[in-house]
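Subject: Structure handover

Hello,

Here is the structure I said I would pass on. Please look it over first; my notes on what was found follow below it.

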Amino acid sequence: MAYQCFHCDHETEKAHLVTFYKGNDEQNELLCHDCYTEWLQSIKG
């Protein structure tokens, strides 16, 4: 089963589920491995 990355729109076989918070709202999205790695680095600071 192929998934589509929320950030880069590429199709991937494996995806990471990430929850984004906007105020009090939660938004669950799928990220490919590369975008997930970049996202983790961005929240580490």
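Helices, of at least four residues, and strands, of at least two, are runs assigned by DSSP and numbered from the N terminus. Read that way along the sequence, the chain follows the pattern β-β-β-β-α, which comes to one helix and four strands. Please keep in mind that this is a predicted model.

Overall dimensions come next. The C-alpha trace spans about 30 × 25 × 15 Å along its principal axes. Of the 45 residues in the chain, 16% are buried. Among contacts between residues at least 6 apart in sequence, 21% join residues at least 24 apart.

The hairpin

Strand β3 (residues 16–22) pairs with strand β4 (residues 25–31) in the antiparallel sense, over seven bridges. Together β3 and β4 form a hairpin with two residues between them. Gly 23, in the turn, has a positive phi of about 65°.

The core and Val 18

Which residues make up the largest nonpolar core? There are five: Cys 5, Val 18, Leu 31, Cys 32 and Cys 35. Val 18 is in contact with Leu 31 of that group, and also with Gln 27, Asn 28, Glu 29, Tyr 36 and Trp 39, leaving aside neighbours within four places in sequence.

The cysteines

A disulfide is a covalent bond between the sulfur atoms of two cysteines. The structure holds zero disulfides. For Cys 8, the nearest cysteine sulfur is that of Cys 5, 3.7 Å away, and Cys 8 is in no disulfide. Cys 8 counts as partly exposed because its relative accessibility is 25%.

Cys 32 has 9% relative accessibility, so Cys 32 counts as buried.

Thr 12

Thr 12 lies in strand β2 (residues 11–12). Is Thr 12 buried or partly exposed? Thr 12 counts as buried, because its relative accessibility is 18% and the cut-off for buried is under 20%. The side chain of Thr 12 reaches the backbone oxygen of Lys 14 at 2.8 Å. Leaving aside neighbours within four places in sequence, Thr 12 is in contact with Met 1, Ala 2, Tyr 3 and Cys 32.

The helix

Helix α1 covers residues 33–44, twelve residues in all. From its first C-alpha to its last, α1 reaches 17 Å, close to the 16 Å expected at 1.5 Å a residue. Just after α1 comes Gly 45, which takes a positive phi of about 90°.

That is what I have on this structure.

Regards

Note on methods. Residues are numbered from 1 along each chain as its sequence is written. This is a predicted model: local features need pLDDT of at least 70, side-chain atom pairs count only at pLDDT 80 or more; totals for chains, interfaces and linings use all residues. Side-chain values use heavy atoms; hydrogens and water are left out. The expected span of a helix is 1.5 Å times one less than its number of residues. Buried means under 20% relative accessible area, exposed over 50%, partly exposed in between (1.4 Å probe, protein chains only). A polar contact is a pair of N or O atoms within 3.5 Å; within protein, one must be able to donate a hydrogen and the other to accept it, and residues adjacent in sequence count only if both atoms are side-chain atoms. Contact means heavy atoms within 4.5 Å. A nonpolar core is a set of buried Ala, Val, Leu, Ile, Met, Phe, Trp, Tyr and Cys residues joined through side-chain atoms within 4.5 Å. A disulfide is a pair of cysteine sulfur atoms within 2.5 Å. Two strands pair if DSSP finds at least two bridges between them.
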